[in-house]
Amino acid sequence: EMKDNKQLTQPRMMSDNGHLVFTTGNNKDIRFQPSESGRVKVGDEDLTQLLSQIKTNKDEIDDIKTHGGVVPPEVTNKLNQLDTKVSTL
Amino acid sequence: EMKDNKQLTQPRMMSDNGHLVFTTGNNKDIRFQPSESGRVKVGDEDLTQLLSQIKTNKDEIDDIKTHGGVVPPEVTNKLNQLDTKVSTL
Amino acid sequence: EMKDNKQLTQPRMMSDNGHLVFTTGNNKDIRFQPSESGRVKVGDEDLTQLLSQIKTNKDEIDDIKTHGGVVPPEVTNKLNQLDTKVSTL
Amino acid sequence: FYKQWIPDTNYENKTNWDKGDVPCGSDRVQFSAQRKVSVFVETTHAVQEMQLPVDGELILNSGAGFYVVSGQDPSCGAGVRTKFKDSDSLQWFDPALWQAAATLNDLQQGNFLFSVHEESVPCQHDDVVFKALSSFRVDTHSSQSTIPVKSVSVLGETFDSRSEFSQYLSSRSGQLQFHGPSAVTVGNPSCGDPTGCDCGNSVNHQRICGSVTCASVSCKVPLLPMGHCCHVCGAIITISYAGGFNLQNYRGRIQSLFLTQPQYESIQLGMSKVLKPQRVLGVIPFGTSPEIQVVIVDGETGDLSEALAQDIIKDVQSHGSKLGITKAELQASTGNTSTPQ
C-alpha cells in the first residue's frame, strides 16, 4: 500500500486513445522551464509575451472600470448641445 | 518511411536540434493534466491561473461593452454643472 | 568544442520530487506546435484558442479606450432629463 | 591514461530493461518510484504509457523523442509491462566497470590496456570518460571524502576546472549521475614525472578488491602483484631505475620489441610505478620506495609469460644502463626467479 501511494506521485506520459497525455500526482505540477535565453512558443507566438499581455489586459480593464474609458462622442455632443442651449436661454 | 509518416500523424515530444518540440497529430491532442491541486507553470508563471484570467478578462470586457463602465468624472461634473444651471434659471 | 556545447543543450524531461519538468539548454526553446486538427490542451482548456482570445481581448480594450464603451444608462437618463427640462423652460 | 566507464543507463540498451528488450509502442514502461536515474534517449520511441520515477530525467538527443499510438502498435504486438532495471549499485571503485587506454583514439578503437585492479579504476592523474551519447549512475563511495582525477567527460563535455565540475555535480543531472558521499574532483595535474606516477588508489584497496571475484589459479607459485586483488599465473618484473628512466618510452619499447610478436599475442602486460613498502628487518614498515612493476599474464599456466619476462630481462641486461634501469628482478609462477645486474 505504501508503494501504491508513492506510485501515485509518479508523473506519467501516456496514450489516451491516441492522445498524448502528461499527468502528475497530488499537488504535483507540470512545469516548462526553458533556459533564460530560450523561449516558450506556441505556433509562432511567444507564450511568455502573451502571458504578460494577459496581465496588461487585466490592468487596463481594471483601469477602465475604476476611471471610466474615454467619453463616447455622442455624450460629448449632447453635453455641448445642452451647454449651448442653457447658455442662450 | 512508413514509420516516419506514421510518427508525423501521432502526437509526440521531440528534441529538434536542442529545442523541445511538442507536436500534435491528426485529430490527436497533447494534453497536460496535472492533478487538481497541481498547476501548470511556465517559468514562474501559473499558466492555469493566467488562462482562467483570459476568460475573466473576456467576461469583464463583455460587461463593459454591454453596460458601460463607470461614468467618467468629467461627464459627471458636466452633468452636475448643467443640472445646477438649469435649476437656477 | 561546437559539438561539446551542443551536447550540454540537450532538452530534458525531468521528474523533480514528482513534479514533471521540461527544460532546455542555452538559447533553446520549448515549442508547442498544434496541427490543424490536433490541439494542445492545458487541463480542459485549448491553449491555441485561449491565446487568440488574449489578442481579441487586447483589441477590444483598445477599442473601448479609443471610442468609449456603451453610454452607461444613468448618463443617458440624466441627459434625457436635462434635455426635457431645458426644452420646457 | 583515459579510463572509460563501461555501463550506461541508456534507453536503447536492452540490458537495461527487465524484459531484455527496448520498449515499443504497445508497452507500458515503468521506472521505479524511488530509483533516481538519468536516462539518455538517442532516437524516437513509441510508447503506450511511461511511469517516471519521483526523481529522474530523460535526456533527449537531437531527433530523439516519444510518441504514442492509439491502441496496439502492430509492429510491437500485444505489449508488455517493462521495468527499467536497478542501476544504483554500480560502484566507482569496481575495476570491472572501467576500460583503460593510452589515448582517446585508442579508447575509441578499443585498444584497451591491461592493468592491476587498483589501476583499472581511475588514478589521480587520469582522464575519466563517460561516453558522449550516454547516461550513467555511479556510486562514489570512497575511503576518502574526495576522488581526485585530472578531468571528467560527461555527455561529450570535458570538465577540467574544479569549480565548474563541482557546479555540474550540484546540478540536477550531476546529482542523478553521481551519488554517494564522496565527491569526484577534477583539476589534478597530469603526471609530470617521466619515471611515472603512483596511481593513488591503494588507500581504496579493500574497497576495490571487495567487488572482485578471483578466479582459481593452477600454477606452482601463484603471484600477487602489488595493487592487484588476485593471485595470478604469470610473471612479475620489478625494475629499479635511475634519473634517465622514462616510463612511457620504456612501455613503447616493450610494446614494439615484444608484444607485436605473434607468439605473445595472448599476453597481457601492465607496467606502472608502485610504491613498495620498506621494512626494517623485513617487518617494521618505515616508508615506501618507488619502483616499476611489470605484470605479465597469459590466462594459462604462466609459461608464456615467463618466456616474455626472460626476453625483457635479456633486453635489460644488454640495454638497461642506457634505459636508466639499475636493477630488474623476475618472479615467475613456475617458481623461477632471477636477479640480473
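**Exercise 1.** Which side chains meet in a salt bridge at 2.6 Å, N to O?

*Solution.* The model is predicted: local features need pLDDT of at least 70, side-chain atom pairs count only at pLDDT 80 or more, and totals for chains, interfaces and linings use all residues. Side-chain values use heavy atoms, without hydrogens and water, while residues are numbered from 1 along each chain and chains are lettered from A in the order in which they are written.

Step 1. A salt bridge requires a side-chain nitrogen of Lys or Arg within 4 Å of a carboxyl oxygen of Asp or Glu.
Step 2. B:Lys65 and C:Glu60 form such a bridge.
Step 3. Across the interface of chain C and chain B, the rule finds five salt bridges.

**Exercise 2.** Determine how many residues each chain gives to the contact, and the area buried.

*Solution.* Step 1. Contact means heavy atoms within 4.5 Å; chain C provides 44 residues and chain B 41 residues.
Step 2. About 3,700 Å² is buried between the two chains, 65% of it from carbon and sulfur atoms. Buried area is the accessible area (1.4 Å probe) lost by two parts on being put together, summed over both.
Step 3. In chain C, the residues losing the most area to chain B are C:Arg31, C:Val42 and C:Val70, together 13% of what that side buries.

**Exercise 3.** Describe how strand β3 of chain B is joined to β4(C).

*Solution.* Step 1. Strands are DSSP runs (E, at least two residues), numbered from the N terminus, and two strands pair if DSSP finds at least two bridges between them.
Step 2. Three bridges join β3 (residues 30-33) of chain B to β4(C), and the strands run parallel.
Step 3. B:Arg31 has C:Lys41 as its bridge partner in β4(C).

Conventions. Helices (H or I, at least four residues) and strands (E, at least two) are DSSP runs, numbered from the N terminus.
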